[in-house]
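I opened my notebook to record what I looked up, entry by entry.

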Amino acid sequence: MRNFFKFLSMFCIAVFAQSGWEHQTNPLGYGEEAMIGKVEAVSSGGDVYEVWISTSRGAGFLYTNSSSGGNWILRNSFPNDTVWSLSDPSITMCWVSPLRGWKIGTVGMGFEDAKGAVVYKTIDGGSNWDKVGLSNNPGDMGVQIQFVNNMVGWASIFNPNSGMATFLKSVDGGNNWVNITQAGGGPPTGGIFYFVDENNGWGVNNAHMASPPYGIIRTTDGGWNWTNQYADPSGTGFSALQFVDLNNGWVVGEGKILKTTDGGENWTLITNTGLPENTQYRCLFFLDANKGWIGANAPGNPGWNGILYTSNGGTSWELQEIPFLSDTNPVFSIFFLDAETGWFTADLGIIGYTTTGGLGVGEVTNKKEGILSLKQVPFGLNVEISFCILKRSQVNLKIYNLIGEEVETIVNDEILKEGVYNKLWDTKNLSSGIYFCRLEVGGFLADIRKIVLVR
């Protein structure tokens, strides 16, 4: 018996997304000598902004105020200082305004030559810098610095030889520092922390540079006292954490992403990214509780490296594949001024820039994640269904009858890469009537087509 149908559209618009990230020139070149770390932007209002990238060698920065995000200039106010800074994790710099910024460094030639920690600070937008010594102990490394306003900030030092962390606090803009290491319950061993205001902060205990057990701790009195919140059972370390308010926070590490919506009282392990289990998540940046980016690196898995993006708090994820990155160039730092304008840094001195939130051209011009096309197989009982996927996503393709009952599952929660797919729907056991073919991509409806099946 011949099977035929009518449908709303006879064609598939195959739009493939180009990368939403562009590669920018690092004036230091490429390789170990061009290593860079944290990127951070500060807005002066409107479209005027300044962007800073911490360099790994010396006391310098890469700086730009270009509206196109490029034209990087090397600035070094202390060219004779023998210092270096961590690139991974990229937490050695902080700006609270276009005028006030800080960078922590390690005295010496490198990891095995660490001789203490020093802070560089400016109050005039980088025109002039002051230097404050934090430690001259052999083995001490400057790990992280963060200020929440012009006056109040914290710094951490870690000594891999002794496994000891030193936690410091300043209430005068970084001129003077008080050692609060001996406070009860803390501080974060390994030196990674994040504060949302003068009182509330979280820390990683221990960081991936220290030894297990690994966990998350919290303070509500500005770092003087800490309480344990989460003990991680995985046996792998953490790399970065961020809170956007008192409730919503994220922590990432080796093969894991954790989320909290209650200030860290409970943490949820994210398992729906679609990436391999050995993926390393080294950095993250969230604008709010919903929109965020996470650097993803899966060693030995080319094509699974780039930046994970969510617009719904982790309900679904997209992998923004970046053609100028490989599995040997993990992303170290991400920063966005708004939902569109952002930067990242990666291993060996790579800089990326976007004005589309990292979304590709096709993704911006065509908001649908996939387009369905239906085709009759002549004199057969099958319907050929074609659809386009614009980026690697979780896909569902199902058939429903007129009253909304599911009659066939063709693709069930599969992770599919960018491309055009063809599936056959066998209709031999179905009666004449109206059916609907529904395509869901990344947890959202992408397209739906009406089918009139006539025997």
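How do the residues of the lining of the largest cavity divide into nonpolar, polar and charged? I looked this up and wrote down 5 nonpolar, 7 polar and 1 charged. I also noted at once that this is a predicted model.

**Entry: cavities**

I searched the whole structure for cavities of 30 Å³ or more and got 2. Rolling a probe the size of a water molecule over the atoms shows where empty space is left.

I took the largest cavity to begin with. Its volume is about 90 Å³. I counted 13 lining residues. Nearest the centre of this cavity lie Thr273, Trp317, Arg392, Ser393 and Gln394.

Next I turned to the second largest cavity. It holds about 50 Å³ of space.

**Entry: the largest pocket**

I then looked at the largest pocket. I wrote down a volume of about 790 Å³. This pocket is lined by 41 residues, and the closest to its centre are Lys38, Tyr194, Gln242, Phe285 and Phe335.

Which strands each supply at least two residues of the lining? I listed β3 (36-45), β8 (93-95), β12 (141-147) and β16 (193-195).

**Entry: threonine 106**

I picked out threonine 106, which sits in strand β9 (residues 101-107). Is threonine 106 buried or exposed? I found a relative accessible area of 0%, so threonine 106 is buried.

I checked what surrounds this residue. I left aside its neighbours within four places in sequence. Threonine 106 is then in contact with Thr82, Val83, Trp84, Ala114, Gly116, Asp140, Met141 and Gly142. For glycine 142 I noted a distance too: its backbone nitrogen lies 2.9 Å from a polar atom of the threonine 106 side chain.

**Entry: cysteines**

I looked for disulfides in the whole structure and found 0. I then checked two cysteines for burial. Cysteine 94 has a relative accessible area of 4%, so I marked it buried. Cysteine 437 has 0%, so I marked it buried too.

Most residues other than glycine have a negative phi, and most peptide bonds are trans. I went looking for exceptions.

I noted a cis peptide bond between aspartate 88 and proline 89, with omega about 5°. Proline 89 lies in the loop between β7 (83-84) and β8.

Leucine 348 has a positive phi, near 70°. I placed leucine 348 in the loop between β29 (342-346) and β30 (350-354). Its relative accessibility is 17%, so it counts as buried, the cut-off being under 20%.

Aspartate 413 also has a positive phi, about 55°, although it is not a glycine. I found aspartate 413 in strand β34 (residues 406-416). Its relative accessible area is 45%, so I wrote it down as partly exposed.

Conventions:
Residues are numbered from 1 along each chain as its sequence is written. This is a predicted model: local features need pLDDT of at least 70, side-chain atom pairs count only at pLDDT 80 or more; totals for chains, interfaces and linings use all residues. Side-chain values use heavy atoms; hydrogens and water are left out. On a 1 Å grid over the protein atoms alone, a cavity is a set of points where a 1.4 Å probe fits but cannot get out, and a pocket is an open set with protein on both sides within 12 Å along at least five of seven lines; lining residues have an atom within 4 Å of a point. Grid points are joined across faces, edges and corners, and a volume is the space filled by probe spheres set on the points. Helices (H or I, at least four residues) and strands (E, at least two) are DSSP runs, numbered from the N terminus. Ala, Val, Leu, Ile, Met, Phe, Trp, Tyr, Cys and Pro count as nonpolar, Asp, Glu, Lys and Arg as charged, and the others, Gly among them, as polar. Buried means under 20% relative accessible area, exposed over 50%, partly exposed in between (1.4 Å probe, protein chains only). A polar contact is a pair of N or O atoms within 3.5 Å; within protein, one must be able to donate a hydrogen and the other to accept it, and residues adjacent in sequence count only if both atoms are side-chain atoms. Contact means heavy atoms within 4.5 Å. A disulfide is a pair of cysteine sulfur atoms within 2.5 Å.
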